[in-house]
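Dear colleague,

I am handing over a structure with this message, and below it you will find notes on what was found. Please read them with the model open beside you.

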Amino acid sequence: MPAEELIGKLDGLGSEFAQALVSLSSEQDIRELQAQFLGKKGRVSALMREMGKLPPDTRRVVGAAFNRVKDGIAGAVDGKLDELVKVAEAADLERTIDVSLPGRVRSAGHVHLLTQVRNEAVAIFGELGFEVAEGPQIENDFNNFEALGFAKDHPARDEQDTFFVDDGKLLLRTHTSPVQIRTMLSQEPPIKIVAPGAVYRRDDDPTHSPMFWQIEGLLIDEQVRFSDLKGVLLHFVKRYFGEDLDIRFRPSFFPFVEPGAEVDMQCSFCTDSDSSKCRVCKGTTWVEIAGAGMVDPVVLTHCKIDPERYTGFAFGMGLERMAMLRYGVSDIKNFYEGDMRFLTQF
Ligand code: DAH
């Protein structure tokens, strides 16, 4: 092929390349096109081999033409790539979503204060060997009242009014004490349980709610004494409320224990010097925390446990009351309203 024709073909390839380049919009397509022309098996390279057949004196001119076309192609590629980068940058700037903003963090939340109190109480009694027992919130009259010594017309029933259904045979349990009955009917002594759970009563004021939580304790074995009860509750108060707090027992009546007592602990909100102003203990330096006593032999008999062989103690505490005393919460409604300003403090 004569030199002129070769140069003509070369220039033709140059403009063909430039035309094909115009419509491309990705770097990959551009590189592919470049290889079709300048690659080892490319169209420009094929012409290059023709140059070898030319007489030496014409090779120089043709060689210069090759360089011109190659440089032209390389320059066009660079220019086109620059152009693509600019287009991408402009599109980035037009975006209205700022992908570089940090994301919104969702907080994981935490366990409700009353659940924390329950878990902690269960753990402390667990250290003393008490296992968790549970019962249903819808109870029958026998477990909630009858077996616990509340006969049908017993005046102690008045303090525990609740919802009754099915002619009074079923009710929303008024305390966790029926779990004592369920456990004694299904297990042989020795028995050592705590039963946390929701209970229901017709009560509604700043320290009482129609639904609230209790934790019940029951220990039945041979040779169980009142001092064992005292030791367990004292240990609990020290672990939960404070090492330096003492407890005291006041005689009281519950149909299912004999003797029965109300248990007070020393008020942790006042010191003796200014106790008269204390709103928590109303100047008495003691606050009530539990009902307790020795399980009445009648209850053991109801549950087919021999009262000649076994004795035991029981206690019941309100979880809301424990939380109020430990954290100084003055209105029980705070626990149920779901106000995050309150809940996130604990
Ligand atoms: N069940 C009683 C109540 O809710 C509290 C109670 C008192 C539980 C004495 C006991 C106990 O186990 O021995 O008022």
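How far is an oxygen atom of the ligand from an N or O atom in the side chain of Arg201? The separation is 2.6 Å, which falls within the definition of a polar contact used here (a pair of N or O atoms within 3.5 Å; within protein, one must be able to donate a hydrogen and the other to accept it, and residues adjacent in sequence count only if both atoms are side-chain atoms).

Before going further, please note that this is a predicted model, in which local features need pLDDT of at least 70 and side-chain atom pairs count only at pLDDT 80 or more, while totals for chains, interfaces and linings use all residues. Residues are numbered from 1 along each chain as its sequence is written, and side-chain values use heavy atoms, with hydrogens and water left out.

The pockets

The ligand sits in the largest pocket, in the sense that more than half of its atoms lie within 2 Å of the grid points. A pocket is an open set of points on a 1 Å grid over the protein atoms alone, where a 1.4 Å probe fits, with protein on both sides within 12 Å along at least five of seven lines, and lining residues have an atom within 4 Å of a point. The largest pocket holds about 920 Å³ of space (grid points are joined across faces, edges and corners, and a volume is the space filled by probe spheres set on the points). Its lining has 36 residues, with Arg201, Phe212, Gln214, Phe254 and Glu288 nearest the centre, and the elements giving two or more residues to this lining are β6, β8 (257-266), β9, β10 and α10 (319-327). The lining divides into 17 nonpolar, eleven polar and eight charged residues.

The second largest pocket has about 410 Å³ of space and is lined by 14 residues, of which Thr207, Arg279, Val280, Lys282 and Val329 are the closest to its centre. The largest share of this lining, three residues, comes from α10.

Backbone points to check

Most residues other than glycine have a negative phi, and most peptide bonds are trans. The peptide bond from Pro189 to Pro190 is cis, with omega near 0 degrees, and Pro190 lies in the loop between α7 (178-186) and β5 (191-200). The bond from Glu258 to Pro259 is also cis, with omega near 0 degrees, and Pro259 is in strand β8. Thr285, in the loop between β8 and β9, has a positive phi near 65 degrees.

Notes
Helices (H or I, at least four residues) and strands (E, at least two) are DSSP runs, numbered from the N terminus. Ala, Val, Leu, Ile, Met, Phe, Trp, Tyr, Cys and Pro count as nonpolar, Asp, Glu, Lys and Arg as charged, and the others, Gly among them, as polar.
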